Amino acid sequence: MGTFFGHLGRLTIIKELTAKKILMDEILYLMINLQGKRAIVFGVASEDSIAWAITQWLAKAGAKITLSYQTRFRSRVMGLIQGKDFIEGMHECDVAFDDQVRDFFNALDGKFDMIVHAIGYAPATALGKPIIYTTEEDFNTAMVISAYSLQRIVRHAMRVLNPNSSIITLTYLGAVRVVPGYRIMGVAKAALEALVRELAVNIGLAGHRINAISSGPIKTLAASHVPGFDNILEYMKHASPLRRNVTQDDVAKTALFLLSDLSSGITGQTIYVDTGFSSVALPADIDKISFG
Ligand SMILES: NC(=O)c1ccc[n+]([C@@H]2O[C@H](COP(=O)([O-])OP(=O)(O)OC[C@H]3O[C@@H](n4cnc5c(N)ncnc54)[C@H](O)[C@@H]3O)[C@@H](O)[C@H]2O)c1
């Protein structure tokens, strides 16, 4: 009963704030309050990183964040976090190495409530050629960094997680359909999505949840290595139901929902944030396109 009236109280406040044109940030704070919650975010490389957008939305909701980043992006990440008091820690970590992930978690103090895995990588030699020429070594590298690293992180994270924690990872449509140029990454993302379902069963015993967000294409450092990426962005604008590309903020807002208690009954899922593209087979104006 108390909770029910508590919600009514919040709704009234939200209506009043909306009427007064109070900032969306404050309304968000009333809906998703992550004060006192702590997140670990893997995968910030630049200001365009999806992980950086998620970090900022988590901070707007009141969470404190620890970043894990790759050594090669150290100076960029240092520049980003200047003056950001919501960052409570940062450590270098290469997820290719189990001891580095173990040491990362050993260096942390206290317990955490949320983990973001926003890591993907395939060698340029694999992305540049049809998959029939992908070497065993490149295949393994893409699988370990882009898929197995999620298991590695979750395994080491278990002892620092509070009960009912939430974990998310980032995937792409190439996991379930062929996207030209995505090649070995499609195979790795398929493994990642299957891993999310498997891990959900393992960690569900402790009340933890894990989900994947399948993001539409966004211009980031990682995406710039996919051949033909600019054309993919143009086609999305044309063919997706919303007739636009997805933004980092679109993805981050869904991340916030999945990381918060608002999604308490959702686990093992892949949620599409792609301006609807995955729901259509052909562009709406197919009758007007000339192939002659
Ligand atoms: N940008 C897109 O179009 C798009 C679409 C769908 C899914 N995604 C996924 O989103 C996630 C984030 O990518 P992004 O687009 O923000 O690009 P990004 O380049 O900003 O992020 C990729 C991150 O992976 C990290 N990484 C790579 N190898 C690593 C390693 N060995 N150890 C630790 N970290 C490593 C990089 O340091 C970087 O921070 C990736 O999983 C990507 O596949 C991106």
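A: Let us begin with angles: axes are lines fitted to C-alpha atoms, and an angle runs from 0 to 180 degrees between N-to-C directions. Please note also that this model is predicted. In this model, helix H10 (residues 248-259) lies across strand S1 (38-42), strand S4 (112-117), strand S5 (161-171), S6 and S7, and H10 runs at about 165° to S6.

Q: How many helices and strands are there in the protein?

A: The protein has 10 helices and 7 strands.

Q: What does the radius of gyration say about the 292 residues of the protein?

A: A compact globule with 292 residues would have a radius of gyration near 19 Å; the protein has 20 Å, and therefore agrees with that expectation. Taken along the principal axes, the C-alpha atoms fill a box of roughly 65 × 55 × 40 Å. Buried residues account for 36% of the 292 residues. Of the contacts between residues at least 6 apart in sequence, 73% join residues at least 24 apart.

Q: In what order do the strands of the open sheet lie?

A: The general idea is that strands are joined to their neighbours by bridges, and two strands pair if there are at least two bridges between them. Here the open sheet of 7 strands has the order S3-S2-S1-S4-S5-S6-S7, and the pairing is parallel. Strand S3 (87-92) and strand S7 (270-273) are the edge strands, each pairing on one side only. From one strand to the next, the twist averages 20°.

Q: Which residue in S7 is the bridge partner of Ser214?

A: The partner of Ser214 is Tyr272. Strand S6 (residues 209-215) pairs with S7 in the parallel sense over 4 bridges. Elsewhere in the sheet, S1 and S2 run parallel and are joined by 5 bridges. Phe42 stands opposite Ser68 in S2.

Q: Is strand S2 (residues 64-69) mostly covered or mostly uncovered?

A: In a regular strand the side chains alternate between the two faces of the sheet. Strand S2 is mostly covered, with 5 of its 6 residues buried.

Q: Which residues of H3 are buried?

A: An α-helix has 3.6 residues a turn, so residues three or four places apart point the same way. Helix H3 (residues 50-60) is mostly covered, for 8 of its 11 residues are buried. The buried residues of H3 are Ile50, Ala51, Trp52, Ala53, Ile54, Thr55, Trp57 and Leu58. Following H3 comes Gly62, whose phi is positive, near 105°.

Q: Why is Ala51 counted as buried?

A: A residue is buried if 20 or more other C-beta atoms lie within 10 Å of its own. Ala51 has 26 other C-beta atoms within 10 Å, and is therefore buried. Leaving aside residues up to four places away in sequence, Ala51 touches Val41, Gly43, Val44, Val116 and Ala118. Thr169 is 118 residues from Ala51 along the chain, yet their C-alpha atoms are separated by 9.9 Å.

Q: At what angle do helix H5 (residues 98-106) and helix H7 (residues 136-157) pack?

A: The packing of two helices can be described by an angle, a distance between axes and a handedness. H5 and H7 pack at an angle of about 35°, and their axes are 9 Å apart. Their crossing is right-handed. Asp98, Val101, Arg102 and Phe105 in H5 meet Arg152, Ile153, His156 and Ala157 in H7. By class, this contact has 4 nonpolar, 1 polar and 3 charged residues.

Terms used:
Residues are numbered from 1 along each chain as its sequence is written. This is a predicted model: local features need pLDDT of at least 70, side-chain atom pairs count only at pLDDT 80 or more; totals for chains, interfaces and linings use all residues. The radius of gyration is taken over C-alpha atoms; the globule rule is 2.2 Å times the number of residues to the power 0.38. A residue is buried if 20 or more other C-beta atoms lie within 10 Å of its own, exposed if 12 or fewer, and partly exposed in between; C-beta atoms are placed from the backbone. Two residues are in contact if their C-beta atoms, placed from the backbone, lie within 7 Å. A crossing is left-handed if the near helix is turned anticlockwise from the far one by less than a right angle, and right-handed if clockwise. Ala, Val, Leu, Ile, Met, Phe, Trp, Tyr, Cys and Pro count as nonpolar, Asp, Glu, Lys and Arg as charged, and the others, Gly among them, as polar.
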